[in-house]
Each structure stands twice: as structure tokens, then as C-alpha cells.
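Welcome! Below is a short tour for anyone opening this structure for the first time.

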Amino acid sequence: MDPNVDAAPPPSLLTRLLIGRDPRRTLVRIVVLVVVSFVVFTFVLKPIRVEGGSMLPTYKDHGINFVNRLAYLFHEPRRGDVVAIRLLAGDHVVYMKRIIGLPSETVAFHRGRAYINGKPLDEPYLKFRGEWEHAPEQVGPDQYYVVGDNRDMPWDDHYKGRSARELILGKILL
């Protein structure tokens with residue numbers, strides 16, 4: 001019996017590149033990749049889109065960023081961290097803000113400058129300082145004071161203030 005008669009022709013180069021030499025192993029790899037991607041992008045990295053100018057120039061309007069939901073697993077948020085904060089209604093509306101006040105501190109604004117416990121806060125990331133004026137406000141024991149980087153916006157057009165720790169989803173990656 002001639003061995004060349006029953007043998008199938010070798011797969012083409014394109015087939016080998018797309019599927020590989022063992023289609024079953026390729027299918028297993030695809031399934032694993034899909035499952036791992038689903039888990040990562042559902043529970044670890046949450047994609048968010050920036051809308052509005054409150055974080056300019058640090059983060060551009062309509063940009064896409066990822067929230068690391070595991071960032072605060074072993075430590076609490078720190079001053080200067082850019083975080084994602086969800087509203088009480090659910091996490092479909094998420095704000096991206098910078099933490100400037102830690103629990104039990106007092107936060108105030110005078111001539112656009114932030115004051116923590118009466119001392120000016122060094123904010124090298126600010127490009128637009130503005131002229132905000134706001135009386136001292138006490139941050140609760142389980143709260144953080146958050147505000148955007150664009151302080152040139154009018155006070156009333158800016159989401160800012162105290163945010164409960166449980167509403168902070170995680171830290172912005174980039």
C-alpha cells in the first residue's frame with residue numbers, strides 16, 4: 001500500500017498561521033483568552049471615558065482610561081491619586097477626580113489655592129489655578145475630598161467635595 005495515497009495534503013501556510021498545527025489546542029487557547037479577558041475587564045480593569053473639562057490638561061475630554069479596581073486592596077487612597085468615583089445610583093456614571101483631602105482633614109480654597117488644615121497644598125500638576133474661594137470644610141472620618149485639576153472652571157460647574165470611601169472604585173492607571 002502506498003503511504004502517499006491516503007495522506008491528506010499539508011495545510012496551507014495561511015491555515016497554519018491562523019489556526020496552528022493543532023486546531024484543538026488553538027480553540028482551547030482562544031477560550032482561555034476570552035475567559036481571562038472577561039474576568040480582567042469585568043472585575044479588575046474598568047474602562048471609563050472622560051467627558052468634560054474638569055480634569056484638563058491632565059486628562060483630555062473624550063479620552064479612554066482604565067480604573068485599577070485592585071489598587072486599594074492593600075492600602076488606602078493617598079493624596080494626589082486620581083480616582084474613579086461612582087454615584088450612589090450605580091456605577092454607570094463615574095467621575096474622575098484627584099484626592100486632595102484625606103479623612104478628618106479640613107479643606108479650604110483661597111484665591112484658587114487649596115489649603116489643608118490651614119496650610120497651602122503643593123499641587124505641581126495644576127496648570128489652571130483660577131480664583132476659587134471656599135470656606136474651610138471638614139472631611140469625615142471615612143471620606144476623601146476630591147476635585148478636578150482644572151480650577152479655572154467656575155466653582156458651580158465643577159463636581160467636587162467629600163466622597164465616601166466605599167464610592168471610590170479604584171485608581172486611574174494612566
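Buried means under 20% relative accessible area, exposed means over 50%, and partly exposed lies in between (1.4 Å probe, protein chains only). This is a predicted model, in which local features need pLDDT of at least 70 and side-chain atom pairs count only at pLDDT 80 or more, while totals for chains, interfaces and linings use all residues. Residues are numbered from 1 along each chain as its sequence is written, and side-chain values use heavy atoms, leaving out hydrogens and water.

Let us begin with the salt bridges, each a side-chain nitrogen of Lys or Arg within 4 Å of a carboxyl oxygen of Asp or Glu. The structure holds 7 of them, including these:

| Pair | N to O distance |
|---|---|
| Arg 49 and Glu 51 | 2.4 Å |
| Glu 76 and Arg 165 | 2.9 Å |
| Arg 151 and Glu 123 | 2.7 Å |

(Strands are DSSP runs of E, at least two residues; helices are runs of H or I, at least four; both are numbered from the N terminus.) Arg 165 counts as buried because its relative accessible area is 16%, while Glu 76 is partly exposed at 44%. Arg 151 and Glu 123 are both buried. Leu 126 touches Arg 151 and also Asp 149, leaving aside residues up to four places away in sequence; a contact here means heavy atoms within 4.5 Å.

Leu 126 also belongs to the largest nonpolar core, which has 12 residues, among them Phe 109, Ala 114 and Trp 132. Such a core is a set of buried Ala, Val, Leu, Ile, Met, Phe, Trp, Tyr and Cys residues joined through side-chain atoms within 4.5 Å. Strands S5, S6 and S9 each supply at least two residues of this core.

Where does Phe 109 stand? Phe 109 is opposite Ala 114 in S6. S5 and S6 run antiparallel, joined by 4 bridges. An open sheet of 4 strands has the order S7-S6-S5-S8; strands pair if DSSP finds at least two bridges between them.

Finally, turn to helix H3, residues 23–44, where Val 39 lies. Val 39 is partly exposed, because its relative accessible area is 38%. The C-alpha atoms of Arg 24 and Val 44 are separated by 29 Å.
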